[in-house]
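Dear colleague,

Please find below the structure that I am handing over to you. My notes on what was found in it follow directly after.

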Amino acid sequence: MKITVNGRTAGTKETGCALCGGTWGDYYEEIDGEKLFFCCDICALEFVNMLREVKKRTGWDRIDELVINGNYSSGRTCVSKRGGREYKFYVRFNEDAGVETFREVV
């Protein structure tokens, strides 16, 4: 999965956390058969919960590309891509890494 966080490639220790772009920490999670880097287990859980919501709403089995803009406090505006399709959404998480707000962006 190609991941861009706030304009920069992310998802490896060298490029940064797949959700926030941070380079500290040392947490990995396998998602859709790919080992992704996260700064912490909270970011990994938020990422998994976000993908689960996108897949539920789109019916996609996986996501090819994800563009994330924003942060924890203001929420994130994202574009997910699968094949030639795009799904734009806004997501914000609660303190337990659950999805607090999720809405489609037109």
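Rings of Phe, Tyr and Trp (its six-membered ring) pair if their centres lie within 6.5 Å; planes under 30 degrees apart count as stacked, over 60 as edge-to-face and the rest as tilted. By this rule, five aromatic pairs are found in a search of the whole structure.

This is a predicted model, in which local features need pLDDT of at least 70 and side-chain atom pairs count only at pLDDT 80 or more, while totals for chains, interfaces and linings use all residues. Residues are numbered from 1 along each chain as its sequence is written, and side-chain values use heavy atoms, with hydrogens and water left out.

One of the aromatic pairs is formed by Tyr-87 and Phe-102, which are stacked at 6.5 Å centre to centre with 15° between the planes. Tyr-87 lies in strand β7 (residues 85–93) and Phe-102 in strand β8 (residues 99–104), so this pair ties together parts that are 15 residues apart in sequence. Strands (E, at least two residues) and helices (H or I, at least four) are DSSP runs, numbered from the N terminus. Phe-89 and Phe-102 are also stacked, because their ring centres are 4.9 Å apart and their planes are at 15°. Phe-89 in strand β7 and Phe-102 in strand β8 are 13 residues apart.

Phe-89 counts as buried because its relative accessibility is 0%.

An open sheet of six strands has the order β2-β1-β5-β6-β7-β8, with mixed pairing; two strands pair if DSSP finds at least two bridges between them. Its edge strands, β2 (8–10) and β8, each pair on one side only. Strands β6 (residues 75–82) and β7 run antiparallel and are joined by seven bridges. Lys-81 has Glu-86 in β7 as its bridge partner.

Finally, Thr-4 is found in strand β1 (residues 2–5). Thr-4 has a relative accessible area of 15%, so Thr-4 is buried. Apart from neighbours within four places in sequence, Thr-4 is in contact (heavy atoms within 4.5 Å) with Thr-9, Leu-66, Val-67 and Ile-68.

Yours sincerely

Terms used:
Buried means under 20% relative accessible area, exposed over 50%, partly exposed in between (1.4 Å probe, protein chains only).
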